[in-house]
Amino acid sequence: MTDVKGFCDPRFAAVREALAALLGKDDVGASAAVCLDGEPVADLWGGYADADRSVGWERDTLVGVNSTTKNMVALCALILADRGDLDLSAPVAAYWPEFAAAGKENVLVRHVLSHTAGLPDLSGPTAVEELYDWESVTAGLAAQVPEWEPGTAAGYHALTFGFLVGEIVRRITGRGVGEFFAEEVAEPLGADFHLGISAGHDHRVAPLIPPPSLTDEYVAGAPSGPDGTRRENTGLAIRVKDANSMAWRRARIPAVNGFGNARSIALVQSVLANRGSAGGVRLLSPQGCEPAWQEVFRGEDRVLRTPMAWTVGFGKFGTAFGWGGWGGSLVVSDPGSRMTVAYAMNQMIDRDRQEDNRGMEIVMAAYSGLH
């Protein structure tokens, strides 16, 4: 068994065992964490921060978690809604007037948050570098025609989610969503999670490792459905080498370029599972958390090509909600048991070639501690 560091309430010993097993099999370096009632009950890490296995994964190692970042962006929107600064049922154009163009005057804020706005793709950018220009990307989205009547269908907004929600946050607060998150979420909680990351933290970042037998040219595609089909990639290919680049770290791509570890992910998201507070810090009211688990859409997702249930900002899975990232990271919250479980790693797995149940193994191990 691989040596796992950190602490674990005896009830959650199965989480330590699960992480050790993963580190002994598929993982190079990884972290796993569980919060219960807004307090940490497991905070574990182990393995290596590099593919050569020469640098240990430390307590404060950070990793890019790709779409697990969406959970953080969604929380920012729910905080603004809870404060009365954002109406989830209002048109996006109420906050962002230019967005009403091309028949989008009836796109509501909750459509954007539930992947039902009809804007799953960026029509303009064809190179990753173009994503780094916030004004250009958001202006392009404001001018874009929806692919379907908003609210009538869902299609995973892989990249557009962060630009759309982020621009709404910026229009309301005058701050970028990364800045808002840092000041209103991470700082009060003492959570080491970053939307984009500054140079001062580079030495702590564990680069993502491409899936076994693949190189850093490995591309993020739309996840494939159960029958192996997938929506056509729309021309913007993001590779592992892009996600590991300095330009990516410094950019504002809030759907996908968050950096953290399981501890910080679980701490932040436990706010929603624990009726608005964690570690004695209240970020929103109990009622303000409810949109995170109230279903907005259920049906076939046009991009994922699989049946999905979406809430305001999250995927819904039975009584739990959350979302994961390209390569394997994951966070799941259960408001009924007030538990949040997170997993973050550097070794990516390509689900088209190999089943990836790593995050779910950590989640199931955590559930075993509740009984």
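Biologist: Which residues in helix 4 meet residues in helix 5?

Modeller: From helix 4, W134, V137, T138 and L141 meet T160, G162, F163, L164, G166, E167 and R170 of helix 5. Contact here means heavy atoms within 4.5 Å. Helices (H or I, at least four residues) and strands (E, at least two) are DSSP runs, numbered from the N terminus. The model is predicted, and local features need pLDDT of at least 70, side-chain atom pairs count only at pLDDT 80 or more, while totals for chains, interfaces and linings use all residues. Residues are numbered from 1 along each chain as its sequence is written, and side-chain values use heavy atoms, with hydrogens and water left out.

Biologist: At what angle do helix 4 and helix 5 pack?

Modeller: In general, two packed helices are described by the angle between their axes and the distance between the axes. Axes are lines fitted to C-alpha atoms, for helices over the stretch in contact, and angles run from 0 to 180 degrees between N-to-C directions. Here helix 4 (residues 134-143) and helix 5 (residues 160-173) pack at about 100°, and their axes are 10 Å apart. That makes helix 4 roughly perpendicular to helix 5; angles under 35 degrees count as roughly parallel, over 145 as roughly antiparallel, 65 to 115 as roughly perpendicular and the rest as oblique.

Biologist: Is V165 buried or exposed?

Modeller: Buried means under 20% relative accessible area, exposed over 50%, and partly exposed in between (1.4 Å probe, protein chains only). V165 lies in helix 5 and counts as buried, because its relative accessibility is 3%. Not counting residues up to four places away in sequence, V165 touches V73, A77, V112 and L113. E135 lies in helix 4 and counts as partly exposed, at 49% relative accessibility.

Biologist: How many aromatic pairs does the structure hold?

Modeller: A pair of aromatic rings is described by the distance of the centres and the angle of the planes. Rings of Phe, Tyr and Trp (its six-membered ring) pair if their centres lie within 6.5 Å; planes under 30 degrees apart count as stacked, over 60 as edge-to-face and the rest as tilted. The structure holds ten such pairs. One of them is W293 with F321, a tilted pair at 6.0 Å centre to centre and 35° between the planes. This pair links distant parts of the chain, 28 residues apart: W293 is in the loop between helix 10 (286-289) and strand 12 (297-301), and F321 is in strand 15 (residues 320-324). W293 is partly exposed, with a relative accessible area of 23%, whereas F321 is buried, at 1%.

Biologist: How far apart are the ring centres of F317 and W323?

Modeller: The centres are 6.3 Å apart and the planes lie at 15°, so the pair is stacked. F317 is partly exposed, with a relative accessible area of 40%, and W323 is buried, at 13%.

Biologist: What is the order of strands in the open sheet?

Modeller: Two strands pair if DSSP finds at least two bridges between them. The open sheet has four strands in the order 5-9-4-6, with mixed pairing. Strand 5 (194-195) and strand 6 (205-206) stand at the edges, each with a single partner strand, so one side of each has no neighbour in the sheet. Strand 5 pairs with strand 9 (residues 258-260) in the antiparallel sense over two bridges, and H194 stands opposite F259 in strand 9.
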